Amino acid sequence: MMGSQAMADEALLWVIRTRDPDFTDWEAFTLWLERDARHAGAYDAMMARDAGLDALVPPAISPPPLPANDAGAPRRRWGWIAGGAIAAGLVATLSLGLFNRTDIYTVATRPGETRIVALEEGTRVEMNGATTMRFDRKDARFAALDGGEAVFTVRHDARDPFRVTVGNAVFEDAGTVFNIVRERASTRIGVSEGEVVYNPQGEAISLKAGRALIEDASGLHLMAVDTRSIASWRDGRLVYANAPVAQIAQDIARSLDVRLTTTPGARAQRFTGTIRIDRDPVRFFRDAAPLLGLSAHRDGNGWVLKEGDGTVG
Amino acid sequence: MATGLSAIFLHNRPALLRFLRARGAGDEAEDLLQDIWIKLEAKDLGPVADPLPYLYRIANNLMLDRYRSSVRRARREEDWATGAGGVMADPMEASAIDERLIMTQSLEEAQAALRALGPRVAHVFRRFRLEGVGQKNIAEELGVSLTTVEKDLQKAYRALTGLKQKLDTE
């Protein structure tokens with residue numbers, strides 16, 4: 001009988017192999033699965049550990065090592081897979097779209113920059129700052145939010161629903177305006193009109209206007225939200241009801257072109273109210289810091305929010 | 001569905017069924033295969049370069065998705081039972097803030113763990129897991145053997161999944 005460590009090692013090897021975009025030897029994989037009834041479970045468990053590793057690994061900090069011999073410049077044609085591989089957290093509905101990838105293109109905004117992408121008559125995506133998305137030239141009913149925030153205004157068609165892929169989750173419209181925020185470890189969606197279905201193939205949770213859903217490491221959370229607060233960034237305002245400063249700081253960093261950090265003490269606080277967005281950081285923090293009950297200070301070429309009495313400087 | 005794909009689907013039905021059963025689908029293997037068929041028919045895929053591996057991949061993804069859903073469901077039911085989670089009136093509990101602190105910490109730990117394995121291992125892992133580049137291409141880029149790339153990936157995976165497990169149980 002095989003030891004559990006040996007089985008885990010083999011399962012890991014199969015995770016690596018099957019994750020390879022060029023993997024073809026599914027028959028060998030089948031044979032391995034058949035050899036021991038516990039293999040499937042070991043593979044699933046290892047895949048579950050694999051999920052989210054991309055969130056754990058920081059972006060490259062050093063340039064890649066040089067080739068050991070003259071293998072030529074690194075190939076660029078794989079660039080389009082980059083986001084896809086992360087999303088290839090392997091939802092069946094998503095994987096149907098994994099081929100023909102030359103039709104997939106990426107749109108990204110800088111912090112403070114917003115952009116509207118019209119996909120077809122009646123369907124548009126408004127991207128907030130610091131946001132990366134993928135679209136499909138051949139399929140106007142597909143969008144993937146890889147990071148950041150966007151509002152979706154969608155022409156409803158029950159026979160051909162509009163789907164947004166966010167990490168491993170899929171949101172499917174049922175006649176809708178909705179806002180999605182994707183941060184490293186969490187996804188937040190708020191529905192301001194109509195209805196959205198979360199993971200139609202799985203949990204199939206229906207979200208009506210005024211409902212919100214958060215998916216993070218602790219699981220799924222459903223709640224009520226004020227529809228006026230959803231996607232208020234489009235009107236140059238950020239509207240909150242008892243929101244943690246940690247979340248507000250992320251929203252500010254997307255809306256202003258500043259690097260913003262917060263102290264643990266500041267992050268632990270909450271805020272209810274409206275903050276007006278001003279692209280000028282000095283003016284912005286002069287108004288916002290007293291509202292938040294925090295103080296804002298310059299920190300190198302960025303800003304830091306900390307506990308305090310509203311002083312700015 | 002592309003006609004070539006449906007022919008290949010039908011021809012390889014027994015093999016795909018066998019795969020789904022081995023993958024843990026049990027009695028539901030037939031139904032799952034039927035679901036895949038319906039989904040493929042509903043979607044105009046255009047020509048698919050390598051249809052059979054593609055079909056296997058869809059089947060495998062479906063099983064992974066089911067596994068994830070069942071884990072989530074179990075976790076939710078547990079949350080309900082302990083009264084800790086489920087539907088909450090408040091968007092973010094304090095735990096979300098702790099989560100973020102832990103995240104910053106674990107990022108640093110992950111970085112250190114990767115750094116300890118050397119720059120090539122870290123590069124290979126990023127290229128493979130974050131950028132989705134195949135092992136063969138990575139081997140060509142770096143001028144090393146395929147075995148080296150696979151070994152590098154195993155090392156990185158062991159270190160990071162070990163770290164993740166440690167963080168999850170803390």
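Select A:Gly293 in this predicted model: the residue comes just after H9(A) and takes a positive phi of about 70°.

The buried residues of H9(A) are A:Pro281, A:Phe284, A:Phe285, A:Ala288, A:Ala289 and A:Leu292. Because these residues cover an arc of only 110° around the axis, they lie on the same side of H9(A). Turn to the other side of H9(A), where A:Val282 and A:Arg283 are exposed.

Two loop residues of chain A come next. In general, most residues other than glycine have a negative phi. Select A:Asn199, for which phi is near 40°, a positive value in a residue that is not glycine. A:Asn199 belongs to the loop that links strand S8 (187-198) with strand S9 (205-208) of chain A. Is A:Asn199 buried or exposed? A:Asn199 is buried, since 21 other C-beta atoms lie within 10 Å.

Now move to A:Ala130, in the loop between strand S3 (123-127) and strand S4 (132-136) of chain A. Although A:Ala130 is not a glycine, its phi is positive, about 50°.

Continue in chain A with a pair of helices: select H1 (residues 4-19) and H3 (residues 39-50). The two pack at an angle of about 65°, with their axes 9 Å apart, and H1(A) passes H3(A) in a right-handed crossing. Which residues of H1(A) and H3(A) meet? From H1(A) come A:Met7, A:Ala8, A:Ala11, A:Leu12, A:Trp14 and A:Val15, and from H3(A) come A:Ala42, A:Tyr43, A:Met46, A:Met47 and A:Asp50. By class, this contact of H1(A) with H3(A) holds 10 nonpolar residues, no polar residue and one charged residue.

Chain B has 170 residues, of which 31% count as buried. Of the contacts in chain B between residues at least 6 apart in sequence, 61% join residues at least 24 apart.

Within chain B, select H6 (residues 119-130) together with H7(B). Their axes are 10 Å apart, and the helices pack at an angle of about 140°, which makes H6(B) oblique to H7(B). The crossing in which H6(B) passes H7(B) is right-handed. At the contact, B:Arg120, B:Val124, B:Arg127 and B:Phe128 of H6(B) meet B:Gln135, B:Ile138 and B:Leu142 of H7(B). Classed by type, the residues of this contact are four nonpolar, one polar and two charged.

Keep H7(B), residues 135-142, on display for the last stop. Its buried residues are B:Gln135, B:Ile138, B:Glu141 and B:Leu142. These residues cover an arc of only 120° around the axis, which puts them on the same side of H7(B). Finally, select B:Gly143, which follows H7(B) and has a positive phi near 70°.

Technical notes: Residues are numbered from 1 along each chain as its sequence is written. Chains are lettered from A and ligands numbered from 1 in the order in which they are written. This is a predicted model: local features need pLDDT of at least 70, side-chain atom pairs count only at pLDDT 80 or more; totals for chains, interfaces and linings use all residues. A residue is buried if 20 or more other C-beta atoms lie within 10 Å of its own, exposed if 12 or fewer, and partly exposed in between; C-beta atoms are placed from the backbone. Two residues are in contact if their C-beta atoms, placed from the backbone, lie within 7 Å. Helices (H or I, at least four residues) and strands (E, at least two) are DSSP runs, numbered from the N terminus. The arc is that of the directions from the helix axis to the C-beta atoms. Axes are lines fitted to C-alpha atoms, for helices over the stretch in contact, and angles run from 0 to 180 degrees between N-to-C directions. Angles under 35 degrees count as roughly parallel, over 145 as roughly antiparallel, 65 to 115 as roughly perpendicular and the rest as oblique. A crossing is left-handed if the near helix is turned anticlockwise from the far one by less than a right angle, and right-handed if clockwise. Ala, Val, Leu, Ile, Met, Phe, Trp, Tyr, Cys and Pro count as nonpolar, Asp, Glu, Lys and Arg as charged, and the others, Gly among them, as polar.
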